[in-house]
Amino acid sequence: MKIAVLPGDGIGTEIVAQAVEVLNVLDLKFEMETALVGGAAFDAHGHPLPEATLKLAMQSDAVLFGAVGDWKYDKLDRPLRPEQAILGLRKNMGLFANFRPAICYAELVGASSLKPELISGLDILIIRELTGDIYFGQPRGRRIATDGHFPGAEEAFDTMRYSRPEIERIAHVAFQAARKRSKRVTSVDKSNVLETFQFWRDVVTDVHKDYPDIALDHMYVDNAAMQLVKEPKRFDVVVTGNMFGDILSDEASMLTGSIGMLPSASLNTENQGLYEPSHGSAPDIAGKDIANPLATILSAAMMLRFSLQQGQAADRIETAVKSVLASGLRTSDIWSEGCRKVSTREMGAAVVAAITKTSKG
Ligand code: IPM
Ligand code: MG
């Protein structure tokens with residue numbers, strides 16, 4: 001089992017270091033190799049996704065990813081910006097299926113901006129298509145308009161597109177995930193306006209014929225954004241395109257109060273995967289040893305379960321995280337009155353200790 005470890009920028013290095021400590025205490029045999037990615041790779045090699053990093057990722061069974069990005073790179077040409085590293089990995093590895101759970105941990109109900117009764121027990125799985133849509137559609141660029149409201153003016157354009165097989169495979173992923181949960185899927189689109197998403201709705205409806213045991217409903221994305229804050233518990237599995245999934249997953253994760261806790265997985269057809277926290281590189285708190293490492297530690301658990309077939313080891317990590325939370329330890333993002341505030345390293349060490357304790361007991 002080979003794991004490519006790509007810490008990236010900002011708090012990425014600090015949180016990934018803790019996840020690596022946790023992996024090391026499990027007594028499993030894997031080879032871990034670290035490489036630069038994002039702004040860190042740009043600084044060292046002049047490119048956010050150097051050839052060697054991409055090669056390492058492609059040859060590994062799984063990638064453990066921290067985060068990329070910093071304001072100081074905002075002025076670079078787009079192909080050199082840190083975000084291109086994650087987009088390049090998704091594209092080159094064919095990571096089309098992105099799993100973003102939004103779970104409200106009982107201990108953190110108070111950290112949500114919504115009323116406790118709306119979010120306690122919340123457990124949504126957002127499945128975002130990750131290699132198509134307007135993110136990757138060609139053509140795109142800038143030009144002088146020959147038509148539209150202002151012929152002769154400078155304009156920019158992107159292309160929203162989805163092919164039938166792209167929609168089919170993500171729909172299958174969603175229906176199969178729903179089989180292991182409450183057997184409900186909400187497909188989110190904008191079929192009232194966009195041709196691409198009328199097609200999306202048609203294809204999802206076709207694929208649904210193979211899953212008579214699953215209840216499917218369709219929702220427009222604007223309504224979905226509203227329902228997420230109005231009545232989030234009405235959702236179970238949500239499947240949607242790349243751009244709507246980007247937006248809705250940020251909304252869903254924040255309303256759990258647990259953004260520092262939420263892992264994510266991006267898989268290709270071979271179950272090779274990239275695992276990263278749902279949050280970003282948080283340059284404002286980088287280097288201070290205060291970031292929450294739990295989302296990354298839980299991403300490592302997802303990696304063990306989905307790409308490395310080590311479900312038991314994944315369970316051990318998740319149980320350890322729960323016990324550490326139950327014992328009242330909190331990093332500052334999730335801290336509340338009566339809890340003990342700990343650093344990034346202390347939190348990682350507490351998870352390691354909890355795992356060691358259960359393996360002895
Ligand atoms: C995400 C991020 C990325 C995206 C950026 C960093 C390219 O926002 O993973 O949600 O837009 O997909
Ligand atoms: Mg995003």
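Biologist: How far does a polar side-chain atom of Tyr135 lie from an oxygen atom of ligand 1?

Modeller: Bear in mind that this is a predicted model, where local features need pLDDT of at least 70, side-chain atom pairs count only at pLDDT 80 or more, and totals for chains, interfaces and linings use all residues. Residues are numbered from 1 along each chain as its sequence is written, chains are lettered from A and ligands numbered from 1 in the order in which they are written, and side-chain values use heavy atoms, leaving out hydrogens and water. A polar contact here is a pair of N or O atoms within 3.5 Å. For Tyr135 and the ligand 1 oxygen, the distance is 2.5 Å.

Biologist: On to the helices, then. At roughly what angle do the axes of α8 and α9 cross?

Modeller: Helices are DSSP runs of H or I with at least four residues, and strands are runs of E with at least two. Axes are lines fitted to C-alpha atoms, for helices over the stretch in contact, with angles from 0 to 180 degrees between N-to-C directions. Helix α8 (residues 221–230) and helix α9 (residues 242–255) have axes that come within 10 Å and cross at roughly 5°.

Biologist: Is α8 roughly parallel or oblique to α9, given that crossing of roughly 5°?

Modeller: Angles under 35 degrees count as roughly parallel, over 145 as roughly antiparallel, 65 to 115 as roughly perpendicular and the rest as oblique. The α8 and α9 axes cross at roughly 5°, so α8 is roughly parallel to α9.

Biologist: Which residues of α9 meet α8?

Modeller: Contact means heavy atoms within 4.5 Å. From α8, the partners are Val221, Ala224, Ala225, Leu228 and Val229. On the α9 side they meet Phe244, Leu248, Glu251, Ala252 and Leu255.

Biologist: How closely do the axes of α6 and α7 come, within how many Å?

Modeller: Helix α6 covers residues 164–179 and helix α7 covers residues 195–208. They cross at roughly 50°, and are therefore oblique to each other. Their axes come within 9 Å.

Biologist: Which peptide bond is cis, with omega about 0°?

Modeller: Most peptide bonds are trans, and most residues other than glycine have a negative phi. Pro139, found in the loop between β5 (123–129) and β6 (141–144), takes part in the cis bond. The cis bond joins Gln138 and Pro139.

Conventions
A polar contact is a pair of N or O atoms within 3.5 Å; within protein, one must be able to donate a hydrogen and the other to accept it, and residues adjacent in sequence count only if both atoms are side-chain atoms.
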